[in-house]
Amino acid sequence: MSVPEFSGAGTTIGGKNSRKNTDVLSLDYCTFRIPCEELRVKFKNGQKDLDKAAANVARAAELLTKKTSGANQPVPQETLRKNFDFLLNQVQEARKALENILEGEIGETSKIIQRCERLHEEFEVDEKTHPRQQDKMERQKFARYICWHLLRCGMIEPARELAKQMNLESLIDISVFEKIYEVEQALHAHDTKPCIEWCQYHQSRLRQIKSRMEVVARQQEIITLIEQGNIPEAVAYVKKYLVPIAKANFSDDLRKTMGAIAMPLVESRVRNPDFHDEKRYEKCAEFFIKEAYRLYQIPDVSALSVIVQMGLSAQKTPICEPDHKTPLSEQTCVVCRPDVWPLAEGLPYAHVDNARILCSFNGTVCNDDENIPYLFPSGHVIGLQAINTLKRDDNKIWDPIMKKEIEETEILRLYFM
Ligand SMILES: [Zn+2]
């Protein structure tokens, strides 16, 4: 049995139709993942709305039937009209709900189709494409990565401006990040309401990924009540909101919360320092961002960050270190720039198969034929071409680095491996 040829589709690098090295489809994960999730949540919530509307219609119809069936006296026209109007109203409401749901779902689907087309356009670019078009497509792609990154940093307005200028509005889900940012800011301001609303909107998916988000947000409210000494209200809140969501899967959270209510505040502070932490809302906001990204399956690191790291790592050598002495405009290694170094510090070194040796004197490439490299006592490598110009009488060579004459025997021939 022969092994079928690997199609290449589904690889991280562009797939089998890719024409360029820069076609890295996996970097565009959130371009498609977010509208897919939006479509899913609209479908799920739409189904719930439809069920509700259908139940209302059925109830109205039942009311009308009750009025008419089995009546042995004429039913007043006014009563019938009232009931009939109610039924009609419910049917119209149901219809409106259906239209809204469909509109939302079609919107998300066409977004996905549009994005496929835009990305396909980028994939069509090859060396035969007009350079201006090539440039445009590359710019579009990188602007998209920068835009995603800005959104993740909470810079909503700059991202919106960039998207507008580069005509990327249909490719970026600004509203999704805007919502996430709003909820995060509200949590920083000790307001859990937007977070709880967000949790309820995404309820089905959060349940599926076993997220504790709503439990954590509700806990903040309860702790506030405990800290205020308002125990009856805290108990009522637990009963009403926490028990239904935590009973089945988060019993530990429920137990801990009940414990905090039952014991004196001083003791609870000692036993559950996390609960009463001054920075608990900040931690909750951090947790929210994590859970929101998990829900949309947005990678932990942005595409821009991946690209920058890849580029830096490709340039990084074992001798790289922050160079504070050379002015920025004169620095030759991007990794050694003090402003870039913090990004490069933890990255691996480049694996360079075709390393080149440059002559320290005139910058020419050294090779085994016309420009053999020699190691000078100063530690610098100088090519044969330069050495011929540095030759002095009596087998001496002028060392341009140490600024003195040295013996020919002092320099060592280098070999390429
Ligand atoms: Zn360097």
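## Domain arrangement

The C-alpha centres of domain 1 and domain 2 are 31 Å apart. The contact between them involves 6 residues of domain 1 and 7 residues of domain 2, two residues being in contact if their C-beta atoms, placed from the backbone, lie within 7 Å. On the side of domain 1 that touches domain 2, there are 2 nonpolar, no polar and 4 charged residues. Here Ala, Val, Leu, Ile, Met, Phe, Trp, Tyr, Cys and Pro count as nonpolar, Asp, Glu, Lys and Arg as charged, and the others, Gly among them, as polar.

The division of the chain is domain 1 (25-129), domain 2 (174-296) and domain 3 (356-417), with bounds from an automatic or database domain assignment.

## Basis of the model

The model is predicted; local features need pLDDT of at least 70, side-chain atom pairs count only at pLDDT 80 or more, and totals for chains, interfaces and linings use all residues. Residues are numbered from 1 along each chain as its sequence is written.

## Helix packing

Helix α1 (residues 29-68) packs with helix α2 (residues 77-124) at an angle of about 170°, and their axes are 9 Å apart. Helices (H or I, at least four residues) and strands (E, at least two) are DSSP runs, numbered from the N terminus. Axes are lines fitted to C-alpha atoms, for helices over the stretch in contact, and angles run from 0 to 180 degrees between N-to-C directions.

The angle therefore makes α1 roughly antiparallel to α2, a term for angles over 145 degrees, with under 35 as roughly parallel, 65 to 115 as roughly perpendicular and the rest as oblique. Their contact has 23 nonpolar, 8 polar and 9 charged residues.

## Sheet

Strand β1 (residues 373-375) is joined to β2 by 3 bridges. Y374 has I382 in β2 as its bridge partner.

Terms used. Pairing = 2+ DSSP bridges.
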